[in-house]
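Welcome! Take a moment to look over the sequence and the model below, and then we will walk through them together.

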Amino acid sequence: MSVESADTAAETLPDDVDGVHPDSSGAEGGGGASNGGGGAAGGHGPGARGPGKRGGELAPALGFVGLLRWLWTQLTSMRTALVLLFALAVAAVPGSLIPQRNVSPIRVSDFIEQHPTLGPIYDQLGLFAVFSSAWFSAIYLLLFVSLVGCIVPRVAVYARALRTPPPRTPRNLARLPAYATASLIDDETADEVLDRAAEALQGRRYRVLRQEGSVAAERGYLREAGNLVFHLSLLSLLVGVAIGGLYGFRGTSVVIVGQGFANNITQYDDLSAGGWFAEDRLQPFTIGVKQFRVAFETGPVQTGAARLFELDTEVTERPGATPYEETIEVNHPLRVDGTTVHLIGHGYAPVVKVTDGDGNVAFSGPVVFLPQDGNFSSAGVIKVPDGRPERLAFEGIFAPTAKVDKQGPRSLFPDLVDPALYINAWYGAPKTETGQPENVYSLDSTGLTQLKDPKGEPLRILLRPGTSYQLPDGKGTIEMVGVTRWVKLQMSSTPGIAVVLGSIGAAVLGLCLSLFVRPRRVWVRVREGGVGESGGGSRLIEVGGLDRADARAGLSEDVAELADELGVSENPGVSDEPGASPGSAVPKVSGVSEMSGVSEQSGDETEEKQ
C-alpha cells in the first residue's frame, strides 16, 4: 500500500474499532513507493501487453505510459538506489587496480605492450579511463536520478507529517505496549492534572495537543529528518564529486633547486584535467625553489631511511604582488589561491658542461636523473643536439654514494657521500628539428653511433665533481661541474572538495539522528473509576506510550515516571509486554484491538478516528 492509500484507510476506520498497526517503516526505507509500483505491475511483468487475470478479473494492458511509470517506480525505489550505489563502488575498483591513462600514460602503454591480448580488450572496455568511461558515467547518473526520485516524495510526506497534530487519544490505553496509572492528588481537578501533564511533556520535547479530557503528545520527528539529511548528503556528495571531476585538474613539474615554477600550462610535465577545465582557470602564481633540506638515517637501524624533507620556497601569488616565504613538507602542502602544491618526490641532477668538436660549449646545466632504488641509484640521459660538427648524447647512471661491483655501478646510501657519474657516449649527424616532443629521460639511438674504446668495447666514462673527460677522435669534452637536487611538485585543484567534506559531515549527522532519535507517542487521560470491573469510583490518571520504531528499552520506565509525577503511583511493577497492565492480566493484542484508531503509517503520517 502506498502512503496515500494508507492515509485513506486510516481515515475510514469506524469509531468503534481500535486498530494497533506497528510502524511499517515505509518512510524509513522508501518501501511504500516501491510496493505501490509493484502492485501496478500486477504479476505479469513490465512487458505485458495482453490482458491477464488478477483476482478472477481481466487486468488491463499495461501500455506505454504504464510501462514508463513502472520503470520510474523501479528506478526511484530505495532498493534500486542501494544496488546502484553498490555498483558504483564495484565499478571504481578497476580504477584503483588498473593503471589509468590520465594519471600514468606510460604505465598504460607498458601494460598494453606486456599484455598484447588483454591490453586491447581493456582499452576497448574503457578500463584505462574508468572514471570517464560511458558505463561508469551511466551508473553515476542513474544513481543521481534514483536518489532525486527517492527524496522528493519523502520530503513532501515529511512536510505533511510536520503539519499533522499528534493523534487523538485511544479509548483503551491499557492495550498500549507501555501503560501506567496513578491516583489524583486530593483537591486537584482533572484540568489541572492535564495542564501539568502538557507542561511536563513539553519539557521532554514532545509536541503536545490538548484534547477534551486528555493530552496527546508526540516526538521524534528528527528521525525522518535524519533520513532525509542522509540521503540529501549522498546527493550533494555526488554533485561535489562531479564538480571536482569536471572543473578540477592535477599536474606535476620537476623543478631544479635554485630555479622556479610558474603556474602556466607550458610549465607542467604532465597535466590531467576535467572536461570543463579551462586554461584561464590556472592562477598566475610563481614558486621559487630556494633550498631543499633532506636527512637520512645513518645509524645501524633503518639505515638510509628518510628523516627530513623540507622545501623552502618564495611564493608570489600574482604579478606585482609581494613575495613571501613558505616551507613545504610531505604532509604539509602549500595552498595558493585555491591551488594545493604538494612535495611528492626528489632526486639528484648532475651539473655537466659539454664542449663540442668545434670547441664551443654546446650544453651546460643540471640534468635530472631519476632514482631507480631506495639508495637513489639514478638513471638519466644527457642530450646535446646543438653539438657541431656532430651532435652528442650520453646515457648512464649517477650514484650519490658510488660503488662498482659484480652488479655494476650502484649507490650504497641515498645521501651525497661519494658521488659519481658513469656514462656511455654517442655521436651522430645533426638532426633536423621537427618540433615533436620526445622523452627527456630516454635516448633514441636512431642515427647515432656509440663511441668505442681502443679495444672495441663501448666507451665507459667515470666522472666525479670537478673532473672532465676528453672524448676520442676530437669529438669534444664532458665535465661534471657538481651536483644539485631536484624536487617534484604536484599542483592540484578540486573545486568540489568543500561540498564533498560538508556532505560527509551531514551524512554522519543524519545517520546519527536516524539511529538514536526515538519516535514516540504518549497519551494522558483522567477517567472515573479504575481499570476493569473492580475500579470503583476513584479517579485515575492513565498514561500510555507507544514507540513508533523498533522496540527500545525505556518506554515503560518513562511512562511510569510520568504517571508518578502527575499523581500517586499505583504501579507495583513495570512491564514491557504489550497489553500487560499493572496488577491485572490483559490479553495481548492480535489484529484489531479495542482502542480507537492508532494507526502507524509509512511516511510517518497518521490519521486516527475515534
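## A starting question

Is E325 buried or exposed? With a relative accessible area of 58%, E325 is exposed, because that value is over the 50% cut-off. Please keep in mind as you read on that this is a predicted model.

E325 also has a partner: its side chain meets that of K290 in a salt bridge, with 2.8 Å from N to O. The two residues link distant parts of the chain, as E325 sits in strand 12 (residues 324-328) and K290 in strand 10, 35 residues apart. K290 itself counts as partly exposed, at 43% relative accessibility.

## The chain as a whole

Stepping back, the chain holds twelve helices and 30 strands. Of its 610 residues, 43% are buried. The chain exposes about 31500 Å², and carbon and sulfur atoms supply 56% of that area.

How do parts of the sequence meet in the fold? Among the contacts with a separation of 6 or more, 66% are between residues 24 or more positions apart.

## How confident is the model?

The average pLDDT of the chain is 81, and 81% of the residues score at least 70. Two stretches deserve a more careful eye. Over residues 573-610 the pLDDT is below 50, although the model gives this stretch 133 contacts beyond near neighbours in sequence. Residues 531-536 also stay under 50, and for them the model has seven contacts beyond four places in sequence.

Strand 10 covers residues 286-296 and contains A295. This alanine is partly exposed, with 27% relative accessibility. Setting aside neighbours within four places in sequence, A295 is in contact with A305, A306, R307 and L308. A295 and P414 are 119 residues apart along the chain, yet their C-alpha atoms are separated by 9.3 Å.

D312 belongs to strand 11 (residues 306-316). What is the relative accessible area of D312? The value is 16%, so D312 is buried. Beyond four places in sequence, its contacts are G288, V289, K290, Q291, R293, E326 and T327.

## More salt bridges

The structure holds 24 salt bridges, and here are a few others to find. In one of them, E479 pairs with K353, and their closest N and O atoms are 3.9 Å apart. Because E479 lies in strand 25 (residues 476-493) and K353 in strand 14 (residues 339-355), this pair ties together parts that are 126 residues apart in sequence. Both partners are partly exposed, with E479 at 26% relative accessibility and K353 at 31%.

Another salt bridge joins K383 and E438, with 3.0 Å between the closest N and O atoms. K383 is in strand 17 (residues 378-384), while E438 is in the loop between strand 21 (420-428) and strand 22 (448-450), so the pair ties together parts 55 residues apart in sequence. K383 is partly exposed, with a relative accessible area of 23%, whereas E438 is exposed, at 52%.

## Nonpolar cores

In soluble globular proteins, nonpolar side chains tend to be buried together. In this model, the largest nonpolar core has 48 residues, and F394 and V487 are those with the most contacts inside it. Which residues does F394 touch, not counting residues up to four places away in sequence? They are V354, G380, V381, I382, V384, I423, N424, A425, L471 and I478.

There is also a second, separate core, made of 24 residues. Among them are V193, Y206, V522 and V524.

Which helix supplies the largest share of the nonpolar patch? That is helix 10 (residues 221-247), with three residues. V239 is found in this helix, and it counts as partly exposed at 32% relative accessibility.

Terms used. Residues numbered from 1 in each chain as written. Predicted model: local features only at pLDDT ≥ 70, side-chain atom pairs only at ≥ 80, totals over all residues. Heavy atoms only, no water. Helix = DSSP H or I, 4+ residues; strand = E, 2+ residues; numbered from the N terminus. Buried < 20%, exposed > 50% of the residue type's maximum accessible area, 1.4 Å probe, protein only. Contact = heavy atoms within 4.5 Å. Areas by Shrake-Rupley, 256 points an atom, 1.4 Å probe, with all protein chains shown as cover. Salt bridge = Lys/Arg side-chain N within 4 Å of Asp/Glu carboxyl O. pLDDT = per-residue confidence, 0-100. Core = buried A, V, L, I, M, F, W, Y, C linked by side-chain atoms within 4.5 Å.
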